[in-house]
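Please study the protein chain shown here before reading on. The questions and answers use its sequence and its three-dimensional structure together.

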Amino acid sequence: MKRNPFAFDSMWKDAPASIFSKAKKLRENPTEAEGLLWIALKDNQVDSYKFRRQHPISIYIADFYCHQLKLVVEIDGEYHLSAAKIR
């Protein structure tokens, strides 16, 4: 099977299927900071740009992503302060 030469130009940058299920779990349990920012970003409130939360990009999951601007927004929160993440 021939690979799509334009797959990397897609919004998901050829993300594997496993990343999508992880992103869904993260959307179901946002941090406090993510929840607050999502209130401001959802429903095209920022100059009519559409933002997605917990968006798969290749092997990563961006906290927020605007495809039109090719903009990723990462929010540091308590998750990044856990002992396992500090190591």
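The following questions and answers concern a predicted model.

Q: In what pattern do the helices and strands follow one another along the protein chain?
A: The protein chain contains three helices and three strands. Read along the sequence, these elements give the pattern α-α-β-β-β-α.

Q: Which element of the protein chain has the lowest confidence?
A: The mean pLDDT of the protein chain is 83, and 74% of its residues reach 70 or more. Strand β3, residues 71–73, has the highest confidence, with a mean of 96. Where pLDDT is low, the predicted coordinates should not be read in detail. The lowest mean, 58, belongs to residues 83–86, which form helix α3.

Q: What percentage of the residues in the protein chain is buried?
A: A residue counts as buried when its relative accessible area is under 20%. The protein chain has 87 residues, and the buried share of them is 24%.

Q: Which residues form the largest nonpolar core?
A: In soluble globular proteins, nonpolar side chains tend to be buried together. The largest nonpolar core here has six residues, namely W38, L41, F51, F64, C66 and I75. At least two residues of this core come from each of two elements, α2 (32–41) and β2 (60–66).

Q: Which residue in the hairpin of β1 and β2 takes a positive phi?
A: β1 and β2 pair in the antiparallel sense over five bridges. Within this pairing, R53 has F64 of β2 as its bridge partner. Two residues lie between the strands of the hairpin, and the positive phi, near 55 degrees, is taken by S58.

Q: Which residue in the hairpin of β2 and β3 takes a positive phi?
A: β2 also pairs with β3 in the antiparallel sense, over three bridges. Y65 stands opposite V72 in β3. This hairpin has four residues between the strands, and the residue with a positive phi near 55 degrees is K70.

Q: Which side chain is joined to that of Q54 by a polar contact of 3.3 Å?
A: Q54 belongs to strand β1, residues 52–57. Its relative accessibility is 4%, so Q54 counts as buried. Beyond four places in sequence, Q54 touches A23, L26, R27, E34, I61, A62 and D63. The polar contact of 3.3 Å joins the side chain of Q54 to that of E34.

Q: Does Y49 count as buried or partly exposed?
A: Y49 sits in the loop between α2 and β1. Buried means under 20% relative accessible area, and exposed means over 50%. The relative accessibility of Y49 is 24%, so the residue counts as partly exposed.

Q: How many Å apart in space are Y49 and L69, C-alpha to C-alpha?
A: Leaving aside neighbours within four places in sequence, Y49 is in contact with N44, C66, Q68 and L69. Y49 and L69 are 20 residues apart in sequence, whereas in space their C-alpha atoms are apart by 8.1 Å.

Notes. Residues are numbered from 1 along each chain as its sequence is written. This is a predicted model: local features need pLDDT of at least 70, side-chain atom pairs count only at pLDDT 80 or more; totals for chains, interfaces and linings use all residues. Side-chain values use heavy atoms; hydrogens and water are left out. Buried means under 20% relative accessible area, exposed over 50%, partly exposed in between (1.4 Å probe, protein chains only). A nonpolar core is a set of buried Ala, Val, Leu, Ile, Met, Phe, Trp, Tyr and Cys residues joined through side-chain atoms within 4.5 Å. A polar contact is a pair of N or O atoms within 3.5 Å; within protein, one must be able to donate a hydrogen and the other to accept it, and residues adjacent in sequence count only if both atoms are side-chain atoms. Contact means heavy atoms within 4.5 Å. pLDDT is the predictor's confidence in each residue, from 0 to 100. Two strands pair if DSSP finds at least two bridges between them.
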